[in-house]
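Visitor: Could you pick one part of this structure and take me through it closely? I'd like to see how it sits in the rest of the chain.

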Amino acid sequence: MVSVAETTPVDNSAPGRTARLLAMVGRHRVFAVAFGVGAVLRLVTMLGYGPAMWFNDSYEYVSVALHPRPHPIRPDGYSFWLMLLQPFHSFSLLVFTQHLMGLATACLIYALLRIKFRLPKWGATLAAAPVLFDAYQIQLEQMVMSDTLFMLLVVGVITMVLWKRRLTWQAGAVVGLLLALTWLTRSIGLPILALVVLYLLVKRTGWRPIVAVLTACAIPVMAYMGWFAAAYGKFAMTNSDGLILYMRTAIFADCNKMDIDKYKEVQLLLLCINDPVSQRKDYAQWYLWGQGNGDGTGTGEVLHRWGINKKWSEITNDAASKFATRAILSQPGDYLKVVARDFFRSFHWSRPRFPDESTYNMYQFKPYVELDDTGQPKRLPKWASYAGGRTDTDAFSYEQGPPETRVVQPWATIMSNYQKVFYLRGIVVGGILLIGLYGVAVRWRKFGGPVVLPWLGAVGLLLAPAATAEFDYRYVLPAVPLACVAAAITLRRGVTWGRRSPRSPATSESTTAPG
């Protein structure tokens with residue numbers, strides 16, 4: 001007798017990966033449409049301005065990637081990312097990853113607000129809209145610059161800290177590692193670390209996750225500082241913090257008010273500016289990056305008195321730090337005035353051409369090819385890089401081909417026209433921050449609740465450059481996602497100063513919703 005094996009029936013109704021993905025997109029169709037439009041805008045940008053766009057800082061990032069060493073001016077975190085991508089010899093690939101970072105940032109905002117705080121789908125999408133659609137955000141992603149990576153890391157940290165009611169030590173270790181990467185990408189990561197730790201302390205998270213955060217952050221940072229010490233003999237992140245603060249104070253510092261001992265403090269006297277305050281430049285960057293007259297006099301940059309090759313030395317940095325500290329303590333009113341002025345630049349309706357025409361134009365999608373003085377297409381500047389190379393040849397070596405931005409029509413004109421209309425105006429940023437401030441105020445018994453962390457993070461990212469360096473438009477963009485998160489959490493139950501009605505635990509701000 002021959003038996004025939006019975007065939008097991010196949011359940012064709014079980015959804016596959018594609019079906020599940022389509023179902024998820026269908027459930028979040030509002031965000032999916034916004035995400036798709038944002039992706040198309042980034043594709044148009046890459047077609048119109050390949051392989052990448054350039055800023056003055058871009059060239060040193062590339063130089064460090066080719067010649068690894070701790071840079072005296074800024075940490076090397078972003079250059080490490082360039083090193084990982086170097087075997088592909090493609091700035092197009094680099095900016096493609098940055099566009100993915102921008103889109104990932106929007107996804108984090110949407111997921112946090114939709115899943116954790118149960119905002120309606122349209123509300124969570126609206127909070128992510130500035131990252132998806134702001135033309136200056138997209139333009140910054142197309143540049144060889146660290147800001148997009150920094151923004152993703154900051155939003156990732158805030159998302160992880162807010163996601164769970166109680167942070168485990170394992171999650172704390174991940175947060176600490178992200179904070180270390182944030183700090184290594186931009187020096188402003190240190191205040192973000194302090195803010196997160198303070199938030200966890202106020203929230204009474206417990207000592208284990210806080211220790212995990214600090215330990216996981218300290219190990220990579222201390223390793224980097226050890227590398228810096230091996231190169232420069234100083235256990236630090238940079239040799240520029242004092243010089244940048246000097247730049248901040250140079251536009252108002254008056255040595256006649258600073259009580260400098262001309263016999264014992266010769267180094268500080270060398271940093272005094274001869275020009276009267278009324279005749280000085282109205283932007284601070286000149287006093288660090290200006291080329292001077294060659295003799296350190298007149299409107300020339302004073303730091304050339306120390307010698308151009310010694311500008312970024314430990315001795316110059318320490319002297320500049322002492323000078324700046326003395327100027328702030330001697331003229332606190334003048335210092336607060338320039339800080340307030342630069343902080344409120346973030347909230348203008350339009351974008352004034354600050355600090356100068358050249359810097360302003362670097363943030364623009366121009367629909368034409370820039371020409372040099374001879375009428376030829378403009379090439380990358382031939383500056384000496386810190387490693388002893390040259391900026392244009394370093395960029396060529398990394399790309400293994402011409403690295404200059406190629407303006408391609410009609411894509412360039414599309415983005416140029418788009419940028420004239422679709423960007424988040426400063427006055428709107430101010431309004432978003434005021435909504436978040438309201439959210440902190442009504443939760444004063446809980447020290448601001450979950451609103452306080454993203455709100456203070458946004459304000460800090462705007463205030464820190466104004467206090468320690470100078471306003472720049474690209475410093476505003478990483479603050480916007482945090483401000484939007486704070487405002488969205490505030491508005492999710494409407495605006496009211498009255499007593500809230502009782503809520504079930506399932507709708508509490510501190511309860512994690514199911515994924």
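Guide: Let's take helix α2, starting with R29 and V33, which are exposed (over 50% relative accessible area; buried is under 20%, partly exposed in between, with a 1.4 Å probe and protein chains only). Keep in mind that this is a predicted model: local features need pLDDT of at least 70, side-chain atom pairs count only at pLDDT 80 or more, and totals for chains, interfaces and linings use all residues. Numbering starts from 1 along each chain as its sequence is written, and side-chain values use heavy atoms, leaving out hydrogens and water.

Helices here are DSSP runs of H or I with at least four residues, strands are E runs of at least two, and both are numbered from the N terminus. With 20 residues (29-48), α2 should span 28 Å at 1.5 Å a residue, and the 29 Å between its end C-alpha atoms agrees; the expected span is 1.5 Å times one less than the number of residues.

Which residues of α2 are buried? They are F31, A34, G38, L41, R42, V44, T45 and G48. Looking down the axis of α2, these buried residues fall within an arc of 155 degrees, so they line one face of the helix. That arc is taken from the directions from the helix axis to the C-beta atoms. R29 and V33 are on the other side of α2. The cover over the buried residues includes β1 (49-50), α5 (91-116), α6 (121-133), α7 (135-141), β2 (406-407) and α19 (411-419), where contact means heavy atoms within 4.5 Å.

Now step back to the whole chain. It has 22 helices and two strands, and 51% of its 515 residues count as buried. Of the contacts with a separation of 6 or more, 76% come from residues 24 or more positions apart.

The largest nonpolar core has 149 residues; such a core is a set of buried Ala, Val, Leu, Ile, Met, Phe, Trp, Tyr and Cys residues joined through side-chain atoms within 4.5 Å. L179, one of the residues with the most contacts inside that core, touches V157, I192, L193, V196, V213 and C217, not counting residues up to four places away in sequence. C217 itself counts as buried, at 2% relative accessibility.

Last, the cysteines: one disulfide turns up in the whole structure, with sulfur atoms within 2.5 Å as the cut-off. C255 is joined to C272, S to S 1.9 Å. C255 lies in the loop between α12 (241-249) and α13 (266-270), and C272, 17 residues away, in the loop between α13 and α14 (286-289). Both C255 and C272 are buried.
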